[in-house]
Amino acid sequence: MLDLHALDLARLQFAFTVSFHILFPAITIGLASFLLVLEALWLKTDNNVYRDLYHFWSKVFAVNFGMGVVSGLVMAYEFGTNWSGFSAFAGSVTGPLLTYEVLTAFFLEAGFLGVMLFGWHRVGRRLHLFATAMVACGTLMSTFWILASNSWMQTPQGFEVVDGRVVPLDWLAIIFNPSFPFRLAHMAIAAFVATSFFVGASGAWHLLRGNDTPAVRKMFSMALWMALIVAPVQAFVGDAHGLNTLKYQPAKIAAIEGHWENLDDKPSPLVLVGLPDMDAEKTRYAVEIPYLGSLILTHSLTQQIPALKSFPKEDRPNSTIIFWSFRVMAGLGILMILVGLAGLVLRRNGRVYTTRWFQRLVLCMGPSGLVAMLAGWITTEVGRQPWVVYGQMRTADAVAHHSVMQMSISLGLFVVIYFTVFGVGIRYMMALVRKGPQAELDQPASGGPGQQQTPSRPLSATFNSAPEQP
């Protein structure tokens, strides 16, 4: 039996709910911008392939958006129920930041989402494009405020602590804290990467099944172009983020690298693989490359990276976890770059739509962006431990006073309910993807007896609304 305390269960519960939640906003952010591009291209070229793709992916977007909203509400309540100590300490900062998200991003999305989903034949083309742009803008604004709040917890500034509570002094310093620009860029690009491989996998699936239509080819091609562009950009942003983390959270970098001690003035090696042992204070079976750790992390062959033994034991993150979560993220990132390059080579040879091994590879890579994103969040959040607000409040002081039994019951209920509710939602969304884009008539059907039309309601989009012919 695992000897888990209420704190461990509270952390597991929040990790479980946030892991479910982060998947939906990531696809929402990417699909909203993808829909904006599709509609703009349709207006510019009058090519109905873009219109058909817009109608197809807007239904997927709607279902995904709904699941993202529901899963996000749960975490807001968890701050009060499970983390009352944190809310009492830092609520004066995190509360307003989350309120700004609602007042800007959520209201913007809610105001234009209905026009975007149901106003295709009810408003003018340019007004509908504007509605789609506002929804896309709202998703990015939501990312802005959520990352501002989370980044402040990683690199807090612009405040003072009075009587055990945070008092904001400079809101610009709070919002634009040292890690915020890097984390915002890293998350936004990760959403685009995840969406590009999700869309690409959908196109690959249809091509493998012989559904070689212009719409399927177009979305497959657009996804590969996006992956080719954003995956390498993400690598450069990740490098800049790593340098920022080295400056403000050196213990996290030491734990990520599984690096325990520096020898004299020698540059630090890069540990490729190994098994960090927190009790023995060493990385077992380590495979190292001399000098490379210093070169990658400090861009120098003379500087050393921090060693875990230079930090008190109570201040060390769990290297066993984030050593491997980081390598999962980085490894998938390298593989995604290679897939983008392979797509470029096949495109130049005119074989990108006919090479089946490549299509199978893209299909298998469909969830890679989401998996890499989860691994990245595990790295950054576990790497912040044992602090909930870095250097200011420990996680053990932030948790509410619940019993192990209470936390066990609530965690079990969350697992059952989440897998049931969101499992159904994800299954339906995959049914939409399997249905594929459908060519539509230039004019909307009248809806009278015997008329065939594609329903606008996302929850009826997988059913054929045409009546059976006698």
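How many residue pairs are in polar contact between domain 1 and domain 2?

1. The structure is a predicted model. The domain assignment of the protein chain gives two parts: domain 1, made of residues 20-177 + 418-436, and domain 2, made of residues 181-401. Taken over C-alpha atoms, the centres of domain 1 and domain 2 are 23 Å apart. To their contact, domain 1 contributes 45 residues and domain 2 contributes 38 residues.

2. As to the opening question, the count between domain 1 and domain 2 is 13 residue pairs in polar contact, with both residues at pLDDT 80 or more. Zero salt bridges are found across this interface by the rule applied. The area buried between the two domains is about 3,500 Å², and carbon and sulfur atoms give 78% of that area.

3. On the side of domain 1 that touches domain 2, the elements giving two or more residues are α1, α2 (48-81), α3 (84-118), α4 (125-154), β1 (159-162) and α14 (404-435). Helix α1 supplies the largest share of this side, twelve residues.

4. The largest nonpolar core comprises 97 residues, and W57, F61 and W152 have the most contacts inside it. Its largest share, 16 residues, comes from helix α1 (residues 6-45). Domain 1 and domain 2 each provide at least three residues to this core.

5. Beyond its neighbours within four places in sequence, W57 is in contact with L31, F34, L35, F198, V199, S202, M219 and V433.

Conventions
Residues are numbered from 1 along each chain as its sequence is written. This is a predicted model: local features need pLDDT of at least 70, side-chain atom pairs count only at pLDDT 80 or more; totals for chains, interfaces and linings use all residues. Side-chain values use heavy atoms; hydrogens and water are left out. A nonpolar core is a set of buried Ala, Val, Leu, Ile, Met, Phe, Trp, Tyr and Cys residues joined through side-chain atoms within 4.5 Å. Buried means under 20% relative accessible area, exposed over 50%, partly exposed in between (1.4 Å probe, protein chains only). Helices (H or I, at least four residues) and strands (E, at least two) are DSSP runs, numbered from the N terminus. Domain bounds come from an automatic or database domain assignment. Contact means heavy atoms within 4.5 Å. Buried area is the accessible area (1.4 Å probe) that two parts lose on being put together, summed over both. A salt bridge is a side-chain nitrogen of Lys or Arg within 4 Å of a carboxyl oxygen of Asp or Glu. A polar contact is a pair of N or O atoms within 3.5 Å; within protein, one must be able to donate a hydrogen and the other to accept it, and residues adjacent in sequence count only if both atoms are side-chain atoms.
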